[in-house]
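Opened the notebook on this one today. I wanted to look up the overall fold first, then the ligand.

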Amino acid sequence: MKIQSLARHDILCLKPYQSARKLARSSAGHLWLNANEFPIAPNYYSLNQEKIHRYPMCQPQEIIHKYACYAGIQSKQILVSRGADESIELLMKVFCNPTKDTIIFCPPTYGMYKTTADILGIKYKIIPKKKHWQIDLAHIKSQLNNVKLIYICNPNNPTGNLIHLNSLKKLLKITKNKALLIIDEAYIDFCINSSLASWLSAYSNLVILRTLSKAFALAGLRCGFTLANPEIINLLKKVIAPYPISTPVIDIVTQALTPESIKYTHERINTINKNRNILIAALKQCTCVQKVFISYANYVLVKFNPKYKVFKKLLKKGIILRDQSYQPGLNNCVRITVGTYNECHYLISILKKII
Ligand SMILES: *Cc1c(COP(=O)(O)O)cnc(C)c1O
């Protein structure tokens, strides 16, 4: 077929992002612990049908204002987008010339930084994390030529650890006037005291990514936020789609960000953090487990003894986890999303039988 020869060569060669949802599509799972979603749907709410025939605002002020209150920053420091994933892309569109400029990311980490760069034809330097999955400052510093963006996930997906604040401060200073430091805080609501949001006014090259997909239990909604100084926000507004957020999404997000809803979100976060600690303690008692890594998010990275083939055995039982073996340094590692107490308990009961 000639259509193939019309497409960009790099797209023909592209390995698409393997989302948890795509990978598990065909499996008849009944326990989904693979995508770091919240295990229970919140009760939202009413949709305002009177407005549905009109285009929505590009940047609806009511949700910007509410999220600014939640994040403790000003409305002019926020962009709302179709999930944090869209923001990852918008930043590259604004700041990187294809085939010329470079981004940095530090595996093992979230896969969309690489995939998005591949799609946009933007080069990257891969700077692996060092011991305890901290960033390699000296290595990054030596590689800053042509680098416009550095993506750091904190807490890191899939390892669960936090990057030392000292290192991030140093990195912000090293990159001042050279590159933007993008901190992907998709999971920061589970350890909100570690957010860098309060640093925004001090560091003009800091960008923070947030999402409603994880702690807010709204992955199906597709809504995320970029926090940065107004100069950056205004550049992003130049390239974002004219109507990135649909009217029903605006209606639901408005309700999800009221003080009362945020109170429920905090309760959900506390429950998940408790379940996580119970899960970690129980995992450590399982014969098939070699190591459980510390986590500040709603998932736990676990290294299994390969002889037990745990991932496959659980899959057969309809328990879907996220294999991480393809990532550097993560041989035999699996990421487990923290579910309800009963889900954690059930998972452990199955794992205990694998001996
Ligand atoms: C889930 C996730 C995202 C994507 O969030 P969306 O708002 O659903 O697009 C971004 N970064 C990391 C690290 C994630 O795990």
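This is a predicted model: local features need pLDDT of at least 70, side-chain atom pairs count only at pLDDT 80 or more; totals for chains, interfaces and linings use all residues.

Entry on the fold. I find 13 helices and 13 strands in the chain. The radius of gyration is 21 Å, close to the 20 Å from the globule rule for 355 residues, so the chain is as compact as a globular protein of that length. Along the principal axes, the C-alpha atoms fill a box of roughly 55 × 55 × 50 Å.

Entry on packing. I get 54% of the 355 residues as buried. I also looked at contacts with a separation of 6 or more: 71% of them join residues 24 or more positions apart.

Entry on the ligand. Which residues are closest to the ligand? I count 13 around it, and the closest are Ala84, Asp184, Tyr187, Thr211 and Lys214. By class, I put that shell at five nonpolar, four polar and four charged residues. Helix α5, residues 83–95, gives the most to the shell, with three residues.

I checked polar side-chain atoms against oxygen atoms of the ligand. Thr211 has one 2.5 Å from a ligand oxygen, Tyr187 has one at 2.6 Å, and Asn157 has one at 2.9 Å.

Definitions and conventions:
Residues are numbered from 1 along each chain as its sequence is written. Side-chain values use heavy atoms; hydrogens and water are left out. A residue is near a molecule or strand if one of its heavy atoms lies within 4 Å of it. A polar contact is a pair of N or O atoms within 3.5 Å; within protein, one must be able to donate a hydrogen and the other to accept it, and residues adjacent in sequence count only if both atoms are side-chain atoms. Helices (H or I, at least four residues) and strands (E, at least two) are DSSP runs, numbered from the N terminus. Ala, Val, Leu, Ile, Met, Phe, Trp, Tyr, Cys and Pro count as nonpolar, Asp, Glu, Lys and Arg as charged, and the others, Gly among them, as polar. The radius of gyration is taken over C-alpha atoms; the globule rule is 2.2 Å times the number of residues to the power 0.38. Buried means under 20% relative accessible area, exposed over 50%, partly exposed in between (1.4 Å probe, protein chains only). Contact means heavy atoms within 4.5 Å.
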